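Dear colleague,

Please find below the structure that I am handing over to you. A summary of the findings follows it.

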Amino acid sequence: MKPRDIIKEKSSLWIFGYGSLVWKPDFEYKRRKIGYIRGYKRRFWHGDDFHRGDKEKPARVVTLIADEEACTWGVAYEVTECQVEASLQYLNMREVVLGGYITEMVEFIPKEGHGSVLSLVYIATPDNPIYLGPASDVEIAAQIAICRGNTGHNIEYLVRLAEFMRHHCPEVEDEHLFSIETAVLNIFSNCRELKSNDRKSLLLEVI
Ligand SMILES: N[C@@H](CCC(=O)N[C@@H](CS)C(=O)NCC(=O)O)C(=O)O
């Protein structure tokens, strides 16, 4: 079912974010809920040559990879009928045109309360020209450490996502995300003395 048909039927649309959308939605919405989707794992396997990187040095950003055993935590935003046109237009430019993501509908399960909702999600698939695919944590970290784009540094993207998970989903183990964050920290702590034990401020300080 298309987003516009859903909105006709239900009078609001839910949009699930698992990457930059968890900390930087920048579109209008009525309310948000923390929760997860099943059947996908989050991986830094997509390339980005606009927001966090450029054509010469594409950044590493997240996408979802199908995996029956996995679930991915993030935020679902409820967008009302009068907000939907502007929100989808904004997201289409940011995610589809500039980011290379496509849309799918997934079932979102909120952490609190009950009742799952069908949500729109932006996913980047391996057939995309800027898809980068798997690499070791150390290789991904090395790439993140040196990339910057029109909206900021690739490290900021990583750190804000890790902070979101630590703060809102402390019970969730996200090995891929936290191992990459540690690998980036190791790059900088090898280069200079650690001033602080706070991972976020240390990494945001270096960019
Ligand atoms: N679609 C995902 C991941 C998308 C994502 O991180 N998109 C990047 C595109 S490369 C973005 O919008 N970046 C804006 C920014 O980093 O400032 C989400 O649900 O959050």
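Which residue in β5 is the bridge partner of I15? The partner is L120. This pair belongs to strand β1 (residues 12-17) and strand β5 (residues 117-123), which are joined in the parallel sense over three bridges. Two strands are taken to pair if DSSP finds at least two bridges between them. Helices (H or I, at least four residues) and strands (E, at least two) are DSSP runs, numbered from the N terminus.

Please note that this is a predicted model, in which local features need pLDDT of at least 70 and side-chain atom pairs count only at pLDDT 80 or more, while totals for chains, interfaces and linings use all residues. Residues are numbered from 1 along each chain as its sequence is written. The protein chain has a mean pLDDT (the predictor's confidence in each residue, from 0 to 100) of 91, and 91% of its residues reach 70 or more. For the complex, the predictor gives an ipTM of 0.95 and a pTM of 0.91.

The protein chain contains six helices and seven strands, in the sequence order α-β-β-β-α-β-β-α-β-β-α-α-α. Its C-alpha trace spans about 55 × 35 × 30 Å along the principal axes.

Five strands form a closed barrel in the order β1-β3-β2-β4-β5, with mixed pairing. On average, neighbouring strands of this sheet are turned by 45° against each other, direction ignored. Axes here are lines fitted to C-alpha atoms, for helices over the stretch in contact, and angles run from 0 to 180 degrees between N-to-C directions. Helix α2 packs on the sheet and touches β1, β3, β4 and β5, its direction making about 145° with that of β3; contact requires C-beta atoms, placed from the backbone, to lie within 7 Å.

Strand β2 (residues 31-48) runs antiparallel to β3, and 15 bridges join the two; K33, for instance, has A76 in β3 as its bridge partner. Strand β2 also pairs with strand β4 (residues 102-110) in the antiparallel sense over three bridges. In β4, I109 is the bridge partner of Y36.

The ligand is surrounded by 18 residues, the closest being G19, L21, G99, Y122 and T151; a residue is near a molecule if its C-beta atom, placed from the backbone, lies within 6 Å of it. The elements that give two or more residues to this shell are β3 (59-80) and α2 (81-97).

Yours sincerely

Terms used. Contact = placed C-beta atoms within 7 Å.
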